[in-house]
Amino acid sequence: MAEKELGEQIDALAELIVKSRRIVVFTGAGISTESGIPDFRSPGGIWSRFDPNDFTYQQFLHSEGGRKRHWQLLKEMGEMMAVTEPNPAHHAIAELQKLGKLDCIITQNVDGFHQRAGNSEDKVIQLHGSMSWVQCLSCGKRHSMDEILEWLKQGIEVPRCVECRGILKPEVVFFGEAMPVGETMEAERRSRNCDLCIVVGSSLVVYPAAFMPMYALQSGAKLAIINEGATDMDGVAHVRIYGKAGEVLSQVMPRVRERLRWGE
Ligand code: NAD
C-alpha cells in the first residue's frame, strides 16, 4: 500500500471510530503474530509444519495417537502464550473500551490477550474458547492449563483426569467441533447491532465466525478491515488497510485522541 494511501486509510478509520458509538472488533490469529504467536495460514504459520487434517475433534476423541498429536501442538502453543505479551494492537482495542466506544470484541483467538491488555471479561466473546482451562470429558472436572503444561513438561504425553482418568480436553473449539451456542448467538446479535465493525488479523475463511462482519454490514454498519493478507470481504469494506495490526492501530489511536480532543 502506498504511503499516501495508507495515511488516508488510517485517517478514514480514525474518523469512523470517532463517529461510531457501538464498535464491534472482530479479531483472528493475525492480531497476535506481532506478539510472537504464529497464525495458521500465513507462510511459516502453524499449518506449514502441521497437517490440519490431523487436528480434528473426531481424531482427538477416537484415537490415543490423535490426542498425542493434539497435545504436542497444544504444549507448544501453551508455552508460547505463557512467555508472550499482548501487543500494541490489543492495547489499542483496550483503549477503545476506555473511550466508551467499544460494544464488544468477538475473537477467534484462544490466547486471552484481550483481557490481559485490559479489556474486561464481559466485553470479550471468545467464539473458539480459551486455552486457560482444560476439562474432563467424563466427569467435567476442570484443570488449569498451567497445571497440565507442567505435566506435559514432565513427560506425560496424553494427560488424563486426576479424578476419573477420563479424556482431558482444553476448552477450545477444535476443527469439526460444534461452536458454543450462547457465544455464537450473542456474537451475531452484537454484530447486527453495531455501527462499526473492525476486523483485525483474520483471513475470514473460518466459518461460522466469519459471518459476523457480514451480519454487521448487512445491518447497515460500516466495515473496516486491517489485515496483511487478502480476505473475501475486501471489496465491500469501507476502509481496507493492508498492514501489521500493531503498527497500523498505533497510528490510528493518536488520530482518534486528537479528533476527540478537538470535539470533531
Ligand atoms: P488465519 O491464520 O486464517 O489468518 C490470519 C490472518 O492474519 C492472515 O490473513 C494474515 O495475513 C493476517 N496476519 C498475520 N499477521 C498479521 C499482522 N501482524 N497484522 C495483520 N494481519 C496479520 O487466522 P484466523 O482467520 O484467525 O483463523 C484461524 C483459527 O486459528 C482461528 O479459529 C483461531 O481460533 C485459531 N488460532 C488462534 C491463535 C491465537 O489464539 N493466537 C493462533 C493461531 C490460530
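Quick definition before we start: Ala, Val, Leu, Ile, Met, Phe, Trp, Tyr, Cys and Pro count as nonpolar, Asp, Glu, Lys and Arg as charged, and the others, Gly among them, as polar. Keep that in mind for the linings. And note that this is a predicted model.

Cavities, then. Searching the whole structure turns up two of 30 Å³ or more.

The largest cavity has a volume of about 40 Å³. What classes of residue make up its lining? Nine nonpolar, no polar and no charged. Here are the names: Ile17, Val25, Ala92, Ile93, Leu96, Ile198, Val200, Leu249 and Met253. Three elements each supply at least two of the lining residues: α4 (88–98), β7 (196–200) and α9 (245–261). Helix α4 has the largest share, three residues.

Now the second largest cavity, at about 30 Å³. Its lining has two nonpolar, six polar and one charged residues. At least two residues each come from α5 (113–117) and β3 (124–126). The largest share is three residues, from α5.

The largest pocket holds about 1000 Å³ of space. It is lined by 49 residues, and Ala29, Phe40, Arg41, Gln108 and Asn109 lie nearest its centre.

Two or more residues come from each of α3, α5, β4 (129–136) and α6 (145–153). By class, that lining has six nonpolar, seven polar and four charged residues. Domain 1 and domain 2 both contribute to the lining, so this pocket also lies between them.

Last item: a helix pair. The axes of α7 (residues 181–193) and α8 (residues 211–218) come within 7 Å and cross at roughly 35°. The crossing is right-handed. On the α7 side, the contact uses Thr184, Ala187, Glu188, Ser191 and Arg192. On the α8 side, Met212, Tyr215, Ala216 and Gln218. That contact counts four nonpolar, three polar and two charged residues.

Notes
Residues are numbered from 1 along each chain as its sequence is written. This is a predicted model: local features need pLDDT of at least 70, side-chain atom pairs count only at pLDDT 80 or more; totals for chains, interfaces and linings use all residues. Side-chain values use heavy atoms; hydrogens and water are left out. On a 1 Å grid over the protein atoms alone, a cavity is a set of points where a 1.4 Å probe fits but cannot get out, and a pocket is an open set with protein on both sides within 12 Å along at least five of seven lines; lining residues have an atom within 4 Å of a point. Grid points are joined across faces, edges and corners, and a volume is the space filled by probe spheres set on the points. Helices (H or I, at least four residues) and strands (E, at least two) are DSSP runs, numbered from the N terminus. Axes are lines fitted to C-alpha atoms, for helices over the stretch in contact, and angles run from 0 to 180 degrees between N-to-C directions. A crossing is left-handed if the near helix is turned anticlockwise from the far one by less than a right angle, and right-handed if clockwise. Contact means heavy atoms within 4.5 Å. Domain bounds come from an automatic or database domain assignment.
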